[in-house]
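The sequence and the model are shown below, and the description follows them.

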Amino acid sequence: MANDPSMRDVSVQGLGTSGPSGARVVQVQKSLMVHNDGVAASNREAFAGRLVLNVVSSPGSGKTALLERTVRDLEGELKLGIVVGDLETANDAERLFAAGAPSVQIATGTVCHLEAEMVARAVEQLDLAALDVLVIENVGNLVCPAAWDLGEDLRVVLLSTTEGEDKPLKYPRIFKDADVIVVNKVDIAEVVGFDRAKALDFLGRVAPGVPIFEVSARTGVGMEGWLDFLREHRRAKLRA
Ligand SMILES: Nc1nc2c(ncn2[C@@H]2O[C@H](COP(=O)(O)OP(=O)(O)OP(=O)(O)O)[C@@H](O)[C@H]2O)c(=O)[nH]1
Ligand SMILES: [Mg+2]
């Protein structure tokens, strides 16, 4: 957790017992964010010409499952490359590679989000010129990734039906910053008692006007709208 902004406060304060710790904490956090924003801007330049997604959600809501299906559904049409962050294991990169996408795993150790520099280093292992879409699957967390620009065009936020409808109200920052929201696991919505109307109402309040796709990464229900959204944004990126 040492690189999460809020946790950085805690750890720096713990060390700074002999000075004006408050001022120094702000300085450290600010310089980290300024540095990150600078690297994110150069990522954006380096990634030019391809659509770049930053996919965020709580652990287990189906980021990798959605991406596996997206890669398979777009095979032969759009070439996706994936950078994926987790605290440990290369499981997700292996799944995504098996689905057909070149994939790079970042093991963040104790850090609960990806930073622009981590992504820049990971992308060196991809043949960027061969990709139409670069996807960054962030570490599963509804809080930490919010502040960190990675150089993406679109921030994709997932909410799964198993998490409860109130998550957009409890974790508004991440939903507020979304460019698109995917509600996943609609195949089991009924059995887990998911109140769809309530969820859409809460999402609409926190992220008004943001497009929402309701899908099942498992069965494929609802995927067409999501895929069309990607196609359209890919075209817009090329025009720009
Ligand atoms: N029923 C159902 N299960 C799903 C769906 N999508 C994903 N799952 C299951 O949910 C679990 C977690 O899916 P992942 O794709 O690993 O979730 P994730 O968000 O990538 O998880 P982290 O990377 O650990 O944050 C797995 O058991 C998936 O099979 C879905 O649409 N319906
Ligand atoms: Mg995953």
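This is a predicted model: local features need pLDDT of at least 70, side-chain atom pairs count only at pLDDT 80 or more; totals for chains, interfaces and linings use all residues.

## Strand 6 and its neighbours

In strand 7, the residue that stands opposite isoleucine 181 is isoleucine 212. Strand 6 and strand 7 run parallel and are joined by 3 bridges. Strand 6, residues 180-184, also pairs with strand 5, again in the parallel sense, over 5 bridges. Within that pairing, serine 160 has asparagine 184 of strand 6 as its bridge partner.

Strand 6 is mostly covered, with 5 of its 5 residues buried. Val180, Val182 and Asn184 point one way from the strand, while Ile181 and Val183 point the other way; all are buried.

Strand 1, residues 51-56, has a parallel partner in strand 4, with 5 bridges between the two. Leucine 53 stands opposite valine 135 of strand 4 in this pairing. Strand 1 is also joined to strand 5 by 4 bridges, and these two strands run parallel. Valine 56 has valine 157 in strand 5 as its bridge partner. Strand 5, which spans residues 154-160, is mostly covered, as 6 of its 7 residues are buried.

Which residues of helix 4 are buried? They are Asp92, Ala93, Leu96 and Ala99. These residues lie on the same side of helix 4, because they cover an arc of only 120° around the axis. The elements that cover them include helix 3, strand 2 (80-86), strand 3 (103-107) and strand 4 (133-137).

On the other side of helix 4, Asn91 and Ala98 are exposed. Just after the helix, glycine 100 takes a positive phi of about 120°.

## Helix 5

Helix 5 comprises residues 116-123, and its buried residues are Ala116, Met118, Val119, Ala122 and Val123. Seen down the axis of helix 5, the buried residues fall within an arc of 160°, so they line one face of the helix.

## Two loop residues with positive phi

Threonine 89 has a phi near 75°, a positive value in a residue other than glycine. Threonine 89 is found in the loop between strand 2 and helix 4. Is threonine 89 buried or exposed? Threonine 89 is exposed, because 10 other C-beta atoms lie within 10 Å, and a residue counts as exposed at 12 or fewer.

Lysine 185 likewise is not a glycine, yet has a positive phi of about 65°. Lysine 185 lies in the loop between strand 6 and helix 8 (196-206). Lysine 185 is buried, because 25 other C-beta atoms lie within 10 Å, and a residue counts as buried at 20 or more.

## The surroundings of ligand 1

How many residues surround ligand 1? There are 18, and the closest are Gly62, Thr64, Ala65, Gly140 and Arg218. By class, the shell around ligand 1 consists of 4 nonpolar, 8 polar and 6 charged residues. Helix 3, residues 63-73, gives the most to this shell, with 3 residues.

## The chain in overview

The secondary structure of the protein chain comes to 9 helices and 7 strands. Of its 240 residues, 42% count as buried. Among contacts between residues at least 6 apart in sequence, 73% join residues at least 24 apart.

Definitions and conventions
Residues are numbered from 1 along each chain as its sequence is written. Chains are lettered from A and ligands numbered from 1 in the order in which they are written. A residue is near a molecule or strand if its C-beta atom, placed from the backbone, lies within 6 Å of it. Ala, Val, Leu, Ile, Met, Phe, Trp, Tyr, Cys and Pro count as nonpolar, Asp, Glu, Lys and Arg as charged, and the others, Gly among them, as polar. Two strands pair if DSSP finds at least two bridges between them. The arc is that of the directions from the helix axis to the C-beta atoms. Two residues are in contact if their C-beta atoms, placed from the backbone, lie within 7 Å.
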